[in-house]
Amino acid sequence: MRPEELIINTNNFILAKLIGINWKSNGLASPFMVLNDAGTLLTTILTKIEPEKPLIIDCKHVINEVDRSLESFFSAIHNTNRPVIFVNHDGLAPKIDTYTSEFCNGLEYRKPPNSNVIIIGSPPGTIQFEKLESKISDLVASEVKNYIARSFIKNENDEFALLPSTPMQSNGVFNAGIIIANPKWFYWTCIALFELLVTKLSETGFNTLGSQKKVKLLSVSLRASPFASVVSFLSGFPLEIIDQLGPKHKIFDIHTLEDIQSETNTEYLYFGDYTAGGTEIKIAKTYASVSGAGLSKAFVLGSLHHPKVFIDYFDLYPLARLKQLGCGVEYRFFDIGE
Amino acid sequence: MKVLHITDLHLHQIDGGGENLRKGFFRQFLDELVDKIFEQFEEENPIDLVVATGDFVNKALFENFPHAKSILVHLLDRLGLPESSCITCIGNHDLNFELEKEGKIDEARQAYTDFAKDFVPDAPLMDEEFFQIYRKTTRSDEEVFILSMDSTYNCQGNNVPGVLSQGEIEFCANAVYENVPRDSALIIACHYPFFISEQVMFPLEEDDWVSNHFWKSGRDLWNIIRKGRQKSITISFFGDGHQPFYLSVDNNHHFLMTGMIGGNYSEPFWNKRDADGDVIGKIPYSKTNEIRVVSVSDTTEIYTFKFVNKGSFKLKSSNGVWSSKQETKKNYSVSNSPQKDDSEIQPEQVIEPSLQTHIEIRLIGHEIQRQIISRIRERKIYTLNRYTASSEKVSLGWVSMNRLLSNDKHSDKNLILPGIIDKSVKWIMEDLKLNVESIILIGIDFWGSIIASNIAVRIGARPVCFTMRKEGRIMLGAGSANPEFGLFRKVVDSIGTLTDVLIITDVISSGYALSNVAAKIRVFLEEGPSPRFSALSIIADKNQKREKDLAEFAEIASFCTDLPIPVLDKADLPEEDILPPKISHSPSIGKVMS
């Protein structure tokens with residue numbers, strides 16, 4: 001991916017996710033640590049991408065930097081005099097302080113109250129630091145919704161066709177393969193899914209520490225699995241993949257049956273691409289129960305219905321509501337006539 | 001001297017519909033072909049001879065023979081050739097089987113004979129029931145001899161190649177010896193092939209295609225002819241298979257099957273039938289039409305001209321372009337046994353099992369292999385049983401990729417998958433040295449897609465995910481039948497010049513899936529140069545023989561090559577219903593995880 005694909009560009013600033021920079025540079029073995037290649041990539045972004053705008057770096061989930069990987073970056077901050085804002089910097093705060101004093105003498109350094117922000121340099125006054133964290137979340141969500149909308153392919157002549165897994169017709173299909181085929185889109189969507197997972201688990205008090213329960217991500221569709229794999233590594237939750245569990249194909253492949261283990265202490269978190277009637281999620285829930293596990297939460301790229309429709313079965317968390325995307329998708333019930 | 005080979009016009013609905021050779025379109029279709037030929041060779045008169053090897057009409061629709069004649073006449077006219085510069089031979093679709101069954105040999109061929117009589121290059125040197133020998137002097141004053149044969153002769157009304165008696169074979173061979181000087185080039189033209197490349201085994205309509213289409217008598221005849229023409233150029237042209245191949249057994253003896261020039265592109269599926277004739281499935285069919293031009297000389301160059309129908313199968317009119325490509329010669333070893341006389345070639349030596357060759361598979365990283373095998377051993381995730389590898393092959397081993405690559409619990413730091421991704425990135429960038437701007441990663445099924453999408457983020461390449469279902473066959477079709485191919489097309493178009501395709505999968509067992517994907521992509525990418533194919537897998541038994549097609553891959557690499565996963569022919573194993581059921585629920589459920 002090119003450096004400019006690793007940022008979200010707005011009128012007032014550019015945003016980079018440090019956990020994503022780590023992933024792109026050094027893979028998924030240690031996305032929470034800043035290594036040398038990540039420092040180099042950050043420096044490239046600082047010096048070459050939209051240099052006239054402040055650079056906001058969201059450091060959420062990143063816990064440390066090793067081997068002075070950020071040294072060149074801070075040196076470049078000094079040389080370019082470009083304003084840099086660190087958000088959610090808890091894990092890196094000591095290192096940021098140290099490098100700032102070492103390399104950024106003469107540059108303004110401040111921590112606005114009521115915000116989890118460190119500012120180096122003099123950004124314009126248009127950035128509201130108190131709300132920056134939620135602004136960042138909204139920004140990423142909006143960017144990803146744009147990708148999801150563009151993954152919709154209209155049928156020829158706007159014809160309505162039956163959906164594969166539910167008795168409804170639509171004038172097109174959403175294809176997550178389109179997102180996967182574009183590394184930039186895939187990158188940001190994975191990050192958004194991961195943050196959705198973290199946020200919702202936190203909001204709902206889903207506490208795995210000290211609990212006897214294991215948590216596993218569960219993916220049952222080909223196009224959802226790449227997203228699930230990344231979220232698995234970012235979250236640390238193991239991933240289980242069930243081949244061909246979708247309603248269109250045979251429910252259980254023989255190898256799946258042979259491979260079922262007892263999971264009585266496991267809570268599955270379902271990861272999927274798009275859902276309309278929730279059929280695939282319900283089948284996944286059935287699979288979970290066969291092995292004694294639970295499945296109470298489902299994370300998807302897009303949902304046709306409001307999550308409250310499924311409240312009796314599971315908690316549904318979509319990145320986007322499909323009918324609100326403005327991509328021209330329409331649905332209607334399948335009418336078999338008289 | 002250059003020879004143009006066309007075959008299998010299969011004229012059916014010539015007044016409309018989806019055939020490029022229909023009345024309303026064939027002139028434009030052929031004119032564009034001829035323009036392409038002139039463009040390729042940049043000569044005033046590039047073609048000296050046209051050879052047309054049968055199936056002019058489809059399914060005995062003899063009323064279409066006049067139109068077949070119009071087609072050949074127009075082609076010859078555009079090429080500046082007289083009708084006597086065209087050689088034809090009969091195909092099985094040109095034959096009246098009912099009359100043949102009644103023993104009315106001549107009547108059964110009357111429609112064809114009436115059509116073909118205008119295309120006789122002067123008086124034949126020999127004119128027998130099942131063969132003719134001609135001498136032709138081209139406008140470039142080169143002399144060539146042609147043996148045109150009726151490979152349906154003595155089929156006894158069955159839709160299979162005919163059978164010649166030993167006497168008939170020797171008679172024909174002697175006729176060749178007496179009439180064709182040894183230092184002259186000889187062209188052999190017949191419809192049914194007597195030489196087949198096993199790598200194009202025509203897995204289309206019939207399970208036992210070879211038995212119904214391989215002309216053994218022709219082969220026996222050729223064996224004898226070759227003895228007297230060891231150092232003379234002999235080129236054999238076939239039709240029937242609708243798939244191209246080109247083989248040479250040495251510098252002088254060449255065999256070409258050319259794909260069909262006709263056919264209905266708007267119905268791109270063949271009905272696969274069982275022994276009772278019931279349709280049991282639909283097989284995707286190539287949308288290409290093609291012809292070949294062969295230079296009959298010491299270098300024997302082959303050029304293929306393909307027309308790819310671009311429209312969807314719903315369109316009534318075609319929309320495509322002709323492209324040309326020079327073929328690479330493939331040498332074929334004639335004898336497997338050093339004790340046997342090289343000139344004695346038995347058909348059995350040619351039709352070999354498809355798993356016949358060792359493909360070199362490169363190991364990427366010994367440490368990851370060690371981790372993989374160690375984890376397989378610890379987790380006991382190698383199962384020995386019977387697993388479908390393709391329609392004809394069975395794998396005896398299966399590894400749970402899920403349990404190999406996933407963590408069992410939060411604290412389990414299984415770094416095999418991140419390691420695979422990291423090493424793959426390094427292999428692509430430093431060993432293969434691919435230009436990421438011009439490659440596509442194809443992720444096969446779940447784990448191939450996971451690895452491909454993660455590699456793509458690291459290097460900026462474009463990945464497309466394919467699912468391989470139904471015994472290794474990708475669903476290939478327009479529109480919703482396989483949305484991934486539509487997406488693949490969009491990605492190709494966005495890249496511009498596609499130089500490399502890297503196919504990523506979890507296990508390479510028989511190699512059928514890999515070779516099938518590559519073949520489908522090559523057909524799909526008919527225009528422009530073919531990209532280079534490479535493959536990457538998590539596991540691939542280095543000692544397992546595989547599909548010969550894989551030898552065309554530039555590189556095949558794997559992270560674990562020392563794990564034996566035997567693959568056998570289904571035919572070598574007992575029927576599935578002899579074995580006890582595989583599902584035994586109770587031992588699995590309730591098993592405590594380690």
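Residues are numbered from 1 along each chain as its sequence is written, with chains lettered from A and ligands numbered from 1 in the order in which they are written. Because the model is predicted, local features need pLDDT of at least 70 and side-chain atom pairs count only at pLDDT 80 or more, while totals for chains, interfaces and linings use all residues; side-chain values use heavy atoms, leaving out hydrogens and water.

Of the 594 residues in chain B, 55% are buried; here buried means under 20% relative accessible area, exposed over 50%, and partly exposed in between, with a 1.4 Å probe and protein chains only. The accessible surface of this chain is about 24,600 Å², and carbon and sulfur atoms account for 48% of it (Shrake-Rupley method, 1.4 Å probe; for residues, only the protein chains shown count as cover). Among contacts in chain B with a separation of 6 or more, 70% join residues 24 or more positions apart, a contact being heavy atoms within 4.5 Å.

One residue of chain B gives a local view. Ser509(B) sits in the loop between β22 (500-508) and α15 (512-524), and is buried at 16% relative accessible area. Beyond its neighbours within four places in sequence, Ser509(B) contacts Ala389(B), Gln544(B), Arg546(B) and Val567(B).

Turning to chain A, five strands form an open sheet in the order β14-β13-β15-β16-β17, with parallel pairing; two strands pair if DSSP finds at least two bridges between them. Strands β14 (239-241) and β17 (315-321) of chain A are at the edges with a single partner strand each, so one side of each has no neighbour in the sheet. On average, neighbouring strands of this sheet are turned by 25° against each other, direction ignored (axes are lines fitted to C-alpha atoms, for helices over the stretch in contact, and angles run from 0 to 180 degrees between N-to-C directions). Within the sheet, β15 (residues 266-275) and β16 (residues 294-303) of chain A pair in the parallel sense over eight bridges, and Tyr268(A) stands opposite Leu295(A) in β16(A). Helix α5(A) packs on the sheet, where it touches β15, β16 and β17 of chain A, and its direction makes about 80° with that of β17(A). Helix α10 (residues 279-290) of chain A lies across β13 (214-219), β14, β15, β16 and β17, at about 155° to β16(A).

Over all chains, 34 salt bridges are counted, each a side-chain nitrogen of Lys or Arg within 4 Å of a carboxyl oxygen of Asp or Glu. One of them joins Glu143(A) to Lys184(A), with the closest N and O atoms 4.0 Å apart. Glu143(A) lies in helix α5 (residues 132-150) and Lys184(A) in helix α7 (residues 183-203) of chain A, so the pair ties together parts 41 residues apart in sequence. Glu143(A) is buried, at 19% relative accessibility. In chain B, Glu143(B) is partly exposed at 36% and forms a salt bridge with Arg135(B), the closest N and O atoms being 3.8 Å apart; Arg135(B) is itself partly exposed, at 43%. Lys104(B), partly exposed at 35%, bridges to Glu102(B) with a closest N and O separation of 3.1 Å. Finally, Arg2(A), Glu4(A) and Glu5(A) are linked in a salt-bridge network.

Conventions. Helix = DSSP H or I, 4+ residues; strand = E, 2+ residues; numbered from the N terminus.
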